[in-house]
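Q: Hey, could you walk me through this one? I'm new to reading structures, so please keep it plain.

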Amino acid sequence: NITAKLNNEEYLKALTGKFEPLTLLGVKEVLIDGTITGRSVKDIKADLIKRFEIVPQRAETIARTEVISAYREGNLERYKLSSTVKAWQWSATLDDRTCPVCIALDGQEFSLDTPFATHPNCRCSPIPVTYTFEELGMGYLNLEEPKPPYMGKRGEDWFKSQSEAKKEKILGKTKYALYRQGKFKLGDLVQDFVHPVYGPSR
């Protein structure tokens with residue numbers, strides 16, 4: 001999947017801000033090779049800066065986003081091939097650097113056919129939800145059933161428990177003021193769309 005995505009020249013141009021064919025080819029090779037060989041985001045970022053003069057902030061976003069995206073897609077493919085995984089659950093890193101969309105999605109369950117559509121620099125992951133022993137026809141074993149990673153809208157519960165200062169930092173002043181007035185719920189910020197270059201996004 002990562003190779004197919006990086007073969008799209010328009011995607012690479014939008015990603016890097018570069019337009020020279022040889023540069024785009026080189027960037028593609030660095031990302032694919034780095035992902036396959038397990039190189040760190042830091043090393044891939046350094047290559048992008050040194051070889052193609054991509055500004056550091058953009059280079060870090062590219063390296064982090066593409067490497068993590070490849071691992072996510074690999075996990076989802078493994079889940080589809082598994083006979084014990086029935087769905088996946090959105091798992092966010094919950095702190096004041098997490099965007100409100102990811103906080104709202106944290107804990108929600110999706111079918112195995114649903115892609116992990118997100119945004120650049122996202123730190124979230126899809127975690128597997130397995131069938132119960134009963135669902136697998138093994139209820140007669142009387143084993144303790146595996147528990148889901150967590151149930152319900154964990155991210156929204158976490159957000160509600162934070163200080164007002166942290167809520168304002170996450171939402172920004174304008175959205176926070178509207179949130180306090182009850183004008184919207186956190187989940188209302190989640191919008192699925194297909195970007196003409198980047199594809200499925202949230």
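This is a predicted model: local features need pLDDT of at least 70, side-chain atom pairs count only at pLDDT 80 or more; totals for chains, interfaces and linings use all residues.

A: Here is a quick tour, from the overall layout down to single residues. Residues are numbered from 1 along each chain as its sequence is written, and side-chain values use heavy atoms, with hydrogens and water left out.

Q: What does the C-alpha trace span along its principal axes?
A: About 60 × 50 × 30 Å.

Q: How much of the chain counts as buried?
A: Of the 202 residues, 38% do. Buried means under 20% relative accessible area, exposed means over 50%, and partly exposed is in between, using a 1.4 Å probe and protein chains only.

Q: What share of the contacts comes from residues 24 or more positions apart?
A: Counting contacts with a separation of 6 or more, 59% are between residues 24 or more positions apart. A contact here means heavy atoms within 4.5 Å.

Q: Let's zoom in. At what angle do H2 and H3 pack?
A: Helix H2 (residues 9–16) and helix H3 (residues 21–36) meet at about 85°, and their axes are 10 Å apart. So H2 is roughly perpendicular to H3. The cut-offs are under 35 degrees for roughly parallel, over 145 for roughly antiparallel, 65 to 115 for roughly perpendicular, and oblique for the rest. The axes are lines fitted to C-alpha atoms, for helices over the stretch in contact, and angles run from 0 to 180 degrees between N-to-C directions.

Q: Which residues make that contact?
A: From H2 you have Glu9, Leu12, Lys13, Leu15 and Thr16, and from H3 you have Leu24, Val27, Lys28 and Leu31. Sorted by class, the contact of H2 with H3 has five nonpolar, one polar and three charged residues. Ala, Val, Leu, Ile, Met, Phe, Trp, Tyr, Cys and Pro count as nonpolar, Asp, Glu, Lys and Arg as charged, and the others, Gly among them, as polar.

Q: Okay, what about Thr65? Where is Thr65 found?
A: Thr65 is in helix H5 (residues 56–81), and it is buried, with a relative accessible area of 18%.

Q: What does Thr65 touch?
A: Leaving out residues up to four places away in sequence, Thr65 touches Pro120 and Asn121. The side chain of Thr65 also reaches the backbone nitrogen of Asn121 at 2.9 Å.

Q: Tell me about Asn121. Where does Asn121 lie?
A: Asn121 is in the loop between strand S2 (109–110) and strand S3 (125–130). Asn121 is partly exposed at 29%, and has a positive phi of about 70° although it is not a glycine.

Q: And what is the phi of Glu53?
A: Glu53 has a positive phi of about 55°, and Glu53 isn't a glycine either. Glu53 sits in the loop between helix H4 (41–52) and H5, and counts as exposed at 64%.

Q: Last one: where does Ser201 lie, and what does Ser201 touch?
A: Ser201 is in strand S5 (residues 199–201) and is buried at 10% relative accessibility. Not counting residues up to four places away in sequence, Ser201 touches Ala117, Thr118, Gln191, Asp192, Phe193 and His195.

Technical notes. Helices (H or I, at least four residues) and strands (E, at least two) are DSSP runs, numbered from the N terminus. A polar contact is a pair of N or O atoms within 3.5 Å; within protein, one must be able to donate a hydrogen and the other to accept it, and residues adjacent in sequence count only if both atoms are side-chain atoms.
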